[in-house]
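Hi,

Here is the structure I promised to pass on.

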Amino acid sequence: MQRNITAQLICVHAALAMAVLMGVALLLAGWVPPPSPAMSALETAQMYTGGGNKIRFAALLMMLGATLFWPFAVAISIQMKRIEGPVSQPLAGVQMACATGTVMAIIIPSALWLVCAFRPERSAEVVQALNDLSWMFFIGAVPPALIQVLVVGLCALYRQGAEEVFPRWYGFFCLWTATGFVGGETVGFFHTGPFAWNGIFAFWMAAVFFFGWILVTWWVVMHAIRSPAAETSGAVSL
Amino acid sequence: MNMHATDAEAIAARGTAAPRVPGENSLWLLILGDMVIYAIMFLVFAYSYQQQPDTFAAGQALLNKSFGFINTLLLLTSSWFVAKGVRSIRRQPRLDASHWLLLALVCGGAFVVSKVVEYSLKINAGMVLTSNDFFMYYYMITAFHLIHVLIGMTVLVFMWRTARQPQVSADDVRFLESGATFWHLVDLLWIMIFPLIYLLGRT
């Protein structure tokens, strides 16, 4: 049976390109950690006029990186379908659908950063509102990624024979990742402190778990694609 | 092992075998990982307490310690019920464990009700998430724990269903042990949270 190993490996390696592009974009814009939500409207507007081109390039890299999350999610779903069997693959479908939510939570703020930098003469209050909107998406739109990692963990843990594809520790790692994402849920409540969008729990912990999950999943899925067991099991249809 | 070996013999026999942790080994990644997240939260809380001792001491004085104490008793009791349940399952011949798990679930439910009442009283008295830094930590840390309680109760429901089966496989026992381990974590975390947020500090 045709397994398309090369195409699968291209999809899974997209994760590495995504991590690099997103990391470079954040550093280029000077957003590690993100700009403080406590900044005044004037300071926010000055950030975009001062760093206009850097922020524009960062937004472009961020969009490209986010888009590469889709092939990565396809590679994950193909392995989940091996676990779920040929008849129906609900968990693989949920994972794929939620991945789209995760991607949009990165592409939409990127577009908003481009808008903020697009007309430097715009009034500071409007820039501040758009900037708020971008970070509410980028840090605050946690649920799609949360459900995504939970459903991968669930698939690895409760299905019979899942060990052939995902090691059991990986299932528990996904559950742990989900707990690490929770800190980003409350960015709407705080302008300062650890739960604000530039704080230790909402930004630092969520970022470490997000990139950590991507790297660990990249490694696990790559091994699953290359494993000899992949020859005999798996879904017939995509 | 003899079908009719007593519990004591079974434990003695296990004592000579290879050392073993309850549940499955990989589960401890989640248990220890979760503890790391909480440890960071506790450190950040302690640091903030140092920064604003007056605000935190004033906030702490407004908490009702009875709720914290009752919740501690509820979780300790439920942990004991779960431990009794797992022991019943391990016995040869096996005893019915489901009623122990049901009792643990009732205690968990009582914890949730008590927490909701406590939150309501606080919110009605004007002490909310955004009041000050003390109440931010109070709500965030206890709500994060409450999510753990709800997840743990979901696991307990599945454990109860497993224990009600006429036959339990080795995999089922492993699942019951893993679920019990998670419930003990939920209990342990509360035992850390209660003194830290309700009791310790400037008197």
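A quick word on terms before the notes: a residue is called buried when its relative accessible area is under 20%, exposed when that area is over 50%, and partly exposed in between. Please also keep in mind that this is a predicted model.

Chain B first. By the under-20% rule, 46% of its 203 residues count as buried. The chain has 7 helices and 0 strands, so reading along the sequence you get α-α-α-α-α-α-α. If you take the contacts in chain B between residues at least 6 apart in sequence, 78% of them join residues at least 24 apart. The accessible surface of chain B comes to about 10100 Å², and carbon and sulfur atoms account for 67% of that.

Next, the interface. How much area is buried between chain B and chain A? The figure is about 1800 Å², with 83% of it from carbon and sulfur atoms. Three residues of chain B stand out here: B:Leu29, B:Leu30 and B:Met140 supply 27% of the area that chain B buries against chain A, more than any other three residues. Counted by contacts, 20 residues of chain B meet 18 residues of chain A.

On the polar side, there are 2 residue pairs in polar contact between the two chains, counting pairs with both residues at pLDDT 80 or more. As for which parts of chain B do the touching, helix 2 and helix 6 (133–164) each supply at least two residues of the side that faces chain A. Helix 2 of chain B gives the largest share of that side, with 9 residues.

Now the salt bridges. The whole structure has 3 of them over all chains, and 1 is found across the interface of chain B and chain A.

Another bridge is formed by B:Glu177 and B:Arg90, whose closest N and O atoms are 2.8 Å apart. Are the two partners buried or partly exposed? B:Glu177 has 4% relative accessibility, so it counts as buried. B:Arg90 has 29% relative accessibility, so B:Arg90 counts as partly exposed.

There is also a bridge between B:Glu118 and B:Lys115, again with the closest N and O atoms 2.8 Å apart. Here both residues lie in helix 5 (residues 98–124) of chain B, 3 residues apart, which is about one turn of the helix. B:Glu118 has a relative accessible area of 1% and is therefore buried. B:Lys115, at 0% relative accessibility, counts as buried too.

One surface feature to look at is a nonpolar patch made of A:Leu27, A:Val32, A:Ile200, A:Trp204, B:Val36 and B:Ile40, with about 500 Å² of accessible area together. The elements that give two or more residues to the patch are helix 9 (200–226) of chain A and helix 2 (27–51) of chain B. A:Val32, one of the patch residues, lies in the loop between helix 1 (5–29) and helix 2 (41–50) of chain A. With 35% relative accessibility, A:Val32 counts as partly exposed.

Last, a residue on the inside of chain A. A:Asn131 is found in helix 6 (residues 124–138) of chain A. Its relative accessible area is 2%, so A:Asn131 is buried. Which residues does A:Asn131 touch, not counting those up to four places away in sequence? They are A:Thr44, A:Met47, A:Tyr48, A:Cys116 and A:Trp197.

Cheers

Key: Residues are numbered from 1 along each chain as its sequence is written. Chains are lettered from A and ligands numbered from 1 in the order in which they are written. This is a predicted model: local features need pLDDT of at least 70, side-chain atom pairs count only at pLDDT 80 or more; totals for chains, interfaces and linings use all residues. Side-chain values use heavy atoms; hydrogens and water are left out. Patches are made of residues with over 30% relative accessible area and no salt bridge: like charges are joined within 9 Å, nonpolar side chains (Val, Leu, Ile, Met, Phe, Trp, Tyr) within 5 Å. Accessible areas come from the Shrake-Rupley method with a 1.4 Å probe; for residues, only the protein chains shown count as cover. A salt bridge is a side-chain nitrogen of Lys or Arg within 4 Å of a carboxyl oxygen of Asp or Glu. Helices (H or I, at least four residues) and strands (E, at least two) are DSSP runs, numbered from the N terminus. Buried means under 20% relative accessible area, exposed over 50%, partly exposed in between (1.4 Å probe, protein chains only). Contact means heavy atoms within 4.5 Å. Buried area is the accessible area (1.4 Å probe) that two parts lose on being put together, summed over both. A polar contact is a pair of N or O atoms within 3.5 Å; within protein, one must be able to donate a hydrogen and the other to accept it, and residues adjacent in sequence count only if both atoms are side-chain atoms.
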